[in-house]
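Take a look at the chain below.

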Amino acid sequence: MNAPVDVSFFQRDAKPLTSYKPYWAKRFGVAKFLPTTRAEMEQLGWDSCDIILVTGDAYVDHPSFGMAVIGRVLEAQGFRVGIIAQPEWNSAEAFKTLGKPNLFWGVTSGNMDSMINRYTADRKIRSDDAYTPGDVGGKRPDRAAIVYSQRCREAYKDVPIVLGGIEGSLRRIAHYDYWSDKVRRSIVVDSKCDILLYGNAERALVEVAHRIAAREPVEQITDVRGTAFFRRASEEGWFEVDSTTVDELGEVEPHINPYMTTSEQAEAQGQSCSKDDAEKAQGQQAQEAMGPACSSGQNKAGGASVANVQPIQFVPNLSLRSKSKLPPRDRTVLRLPSYEEVKSDPVLYAHANRVLHLETNPGNARALVQAHGEGATARDVWMNPPPIPLTTAEMDWVFGLPYARSPHPSYADENGSHDGTTKIPAWEMIRTSVNIMRGCFGGCTFCSITEHEGRIIQSRSEDSIIHELEEIRDKVKGFTGTISDLGGPTANMYRLGCKSPTIEAACRKPSCVFPGICPNLHTDHAPLIKIYRRARKLPGIKKILIGSGLRYDLAVKSPEYIKELVQHHVGGYLKIAPEHTEAGPLNKMMKPGIGSYEKFKQLFEKFSEEAGKKQFLIPYFIAAHPGTSDEDMMNLAIWLKKNGFRADQVQTFYPSPMATATAMYHSGRNTLTKVRRQMRDEQEERVDIVRGEKRRRLHKAFLRYHDPNNWPMLRDALKHMGRADLIGNGKQHLIPTFQPLVDGSYQSARKKNSTGSTAGVGYTTNKDGKAVAVRRRTQENNEPQGDVRFRTAAPKPGKMLSQHTGLPPRAGVTGKAKSAFKAATKPVAKSGNSSAQTSRKPR
């Protein structure tokens, strides 16, 4: 049975995007590209722009780029929209190139958070930027949304600023900032924007734009879902719930049993009552004299003894509950701890983060408010509930707008191409891909998709998807017939959702698939299988690959889907993300156990064999995630070696703003459980945090256990952990005893089509435990030097570790890849055990 489409009852009051009366400027028609200069405006016949969008990305008119989507949506509403892409931010002059906007500025840092875009997880500056022509770094400032907003205000101070994008979404409340290692204020305060739109903002933006166009002051637009703004005082008609504190458990005094004597109460507490000691002794003597009648617990009248009488128990009167009515949720606001409180108190920060994530379901979320400042300067940042998800018809409308599906012509090289020195890597990656849905109900704590796109899946129709495939086939220059991806945030959540709209609107769970798949979740992959089959039949489409991450615990619920995927849509390898093998970190990530991966792997190999294909799984893992101990990483390394994986790229946990895992990192508390001052269960609520460069490097080293640069560190760690038994030169050992000469760096397998063998001088230990330099043996001189027993690691033919994928070169490979393969497999030494690699793209 197919999942119901667009019947969630919280959508009943949402105004359709296409129901607004177009703005008068619609008469100017549609632009091939939204103008970026005054000359382009004049060609369109414009004397001014109604809205000017400022973005930190290069302008690519494609539905995978946020500014292009927002620009085309506003254009379809009749507004004249200009774009200022990657402006020079040191002055306001670049922000005046298109003149003064008639209605408002639209500001975003781009498709990525500007700090994550520029800095690695180790806080080192990146040299590249995939959203910039030529992959050149440094084309946007740190905290770009704040800087751009300031420059817009300097250029035309009376023009409203509407802030959006993922950088705004992840910073809408006071948030921990990994790069400065402190809690920063809401971006609404720092940017001084007039209104912030968070999440996928088409619905909110269209309403705000038409209301500003109708001359409604922006400061009076306070009732739009998915917005945040300043507010001096709470509005009348709202019921405020104080959530500024957490439970403080103290010593609980036990209830006194009214039928116990003073001495019995004292005895129950391990004390004695000296006043009654003499009477107690006399009573004991009298009891013995009276014989068995009294000692058997019966009094002279034959009644029960006082000790057998039970105390009165008090229970709540359930009939009274219906009489205490709670205020309606749509008129309730939760007051979070203030910025000053969460800045100085990590426990309150954890509490505020937990409350925020519990209020993310559009069907039942309440408004939130957080004070910033004290005294006369105090102001509230008010956050309305999340936006209502788009319907299938609205998704089709957004993706069906007239995108050029190409970078702006100003980025072309001297040949008019975008494939040379001005290539934009992010566009190159998605130029032949199709986004079929939005949202993710996985709820992974380290991920920001749920915070931005929401957990309600918003799917496109089959006809809309097929139409975009045909457009790629007919319009994209150089199309070879291969679609690089047919997916979204998660490859296999298309048309999945709750079986009951009523339950969906009332649910407050952060994940639909953790700790297990919810029984109310519809997991039928039939609609996805149908669209795969229909797409494959299109003329001119030779191959459709699935490049999006796969949720394998969902996939195993539909073996037919796995068979369809494996036999038709895997180009030799498939990437999935178990992230870890141990229960400790997996529980903090809200990821399934490694058993689900093993089950999926069995089906993957079974169906690959049935199709006569040799295909590989490429698993991704995270190092240094909150809740990960050194022993967890050691066990993961053992699992990797046992299963023949050698990680090429290693992803270290990156604390992005507002993520649940980031709150754990900052506070040391498990925000998946109730946050308390005094923890009742250390195992449940205390989180092992991997801080400091040394320990983070160790966790990365365990993932790259095969890299000689990491062996000295791993040897010391294993000895300290009492696991020296893993050091040796046998197959059962994790790392060897010898140490080759290394320079502290390594050549990534992504840079060449082979893994270089380590040759020349190495180190081993003699009987006295001292390091001794030795030379590796070769085929010409097969005699070992001293008592050394090791060889070079040249892979066997067909087992070569290839660029990026870790797969053998395919048949017909020519050029540098073939030469590297032949050189590496030249019989200069006996080959050792070869393993597949894993590789990871930056999150």
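In this predicted model, helix α16 (residues 462-475) packs with helix α18 (residues 526-536). Two values describe such a packing in general: the angle between the axes and the distance between them. For α16 and α18 the angle is about 35 degrees, and the axes are 11 Å apart. The crossing of α16 past α18 is right-handed. On the α16 side, the contact is made by E462, D463, I465, I466 and L469. On the α18 side, K530, I531, R534 and A535 take part. Five of the contact residues are nonpolar, four are charged and none is polar.

Now turn to the strands. An open sheet of 10 strands runs in the order β3-β1-β4-β5-β8-β9-β13-β12-β11-β10. Its pairing is mixed. Which strands stand at the edges? They are β3 (81-85) and β10 (239-242). Each has a single partner strand, so one side of each has no neighbour in the sheet. From one strand to the next, the twist averages 25 degrees.

Look inside the sheet at β12 (residues 367-372) and β13 (residues 379-383). These strands pair in the antiparallel sense, over five bridges. Here Q370 stands opposite V381 in β13.

Helix α2 (residues 66-76) lies across β1 (51-55) and β3, and runs at about 175 degrees to β1. Helix α4 (residues 144-155) lies across β1, β4 (104-107) and β5 (161-163). The angle of α4 to β4 is about 160 degrees.

Next come the aromatic rings. The count is 22 aromatic pairs, taking rings with centres within 6.5 Å. A pair is described by the distance of the centres and the angle of the planes. Two pairs are set out here.

| Pair | Centre to centre | Angle between planes | Type |
|---|---|---|---|
| F65 and Y131 | 5.8 Å | 75 degrees | edge-to-face |
| F653 and Y665 | 6.1 Å | 50 degrees | tilted |

Why is the pair of F65 and Y131 edge-to-face? Its planes are at 75 degrees, and planes over 60 degrees apart count as edge-to-face. F65 lies in the loop between β2 (60-61) and α2, while Y131 lies in the loop between α3 (114-118) and α4. The pair therefore ties together parts that are 66 residues apart in sequence. Both F65 and Y131 are buried.

F653 lies in the loop between β26 (651-652) and α24 (660-667), and Y665 lies in helix α24. These two residues are 12 apart. F653 and Y665 are both buried. Elsewhere, Y552, Y597, F600, F604, F621, W639 and F645 form one aromatic cluster.

Step back to the whole chain. It has 28 helices and 29 strands. Of its 843 residues, 53% are buried. Among contacts between residues at least 6 apart in sequence, 75% join residues at least 24 apart.

Finally, check the backbone. Most residues other than glycine have a negative phi, and most peptide bonds are trans. A cis peptide bond joins F514 and P515, with omega about 5 degrees. P515 lies in the loop between α17 (501-506) and β21 (521-522).

R143 is not a glycine, yet its phi is positive, about 50 degrees. R143 is found in the loop between α3 and α4. Is R143 buried or exposed? Its relative accessibility is 16%, so R143 counts as buried.

K192 also has a positive phi, near 60 degrees. This residue sits in the loop between α6 (187-191) and β8 (195-197). K192 is exposed, with a relative accessible area of 54%.

Terms used. Residues numbered from 1 in each chain as written. Predicted model: local features only at pLDDT ≥ 70, side-chain atom pairs only at ≥ 80, totals over all residues. Heavy atoms only, no water. Axes fitted to C-alpha atoms, helices over the stretch in contact; angles between N-to-C directions. Helix = DSSP H or I, 4+ residues; strand = E, 2+ residues; numbered from the N terminus. Left-handed = near helix turned anticlockwise from the far one by under 90°. Contact = heavy atoms within 4.5 Å. Nonpolar A, V, L, I, M, F, W, Y, C, P; charged D, E, K, R; others polar. Pairing = 2+ DSSP bridges. Phe/Tyr/Trp six-rings, centres within 6.5 Å; stacked < 30°, edge-to-face > 60°. Buried < 20%, exposed > 50% of the residue type's maximum accessible area, 1.4 Å probe, protein only.
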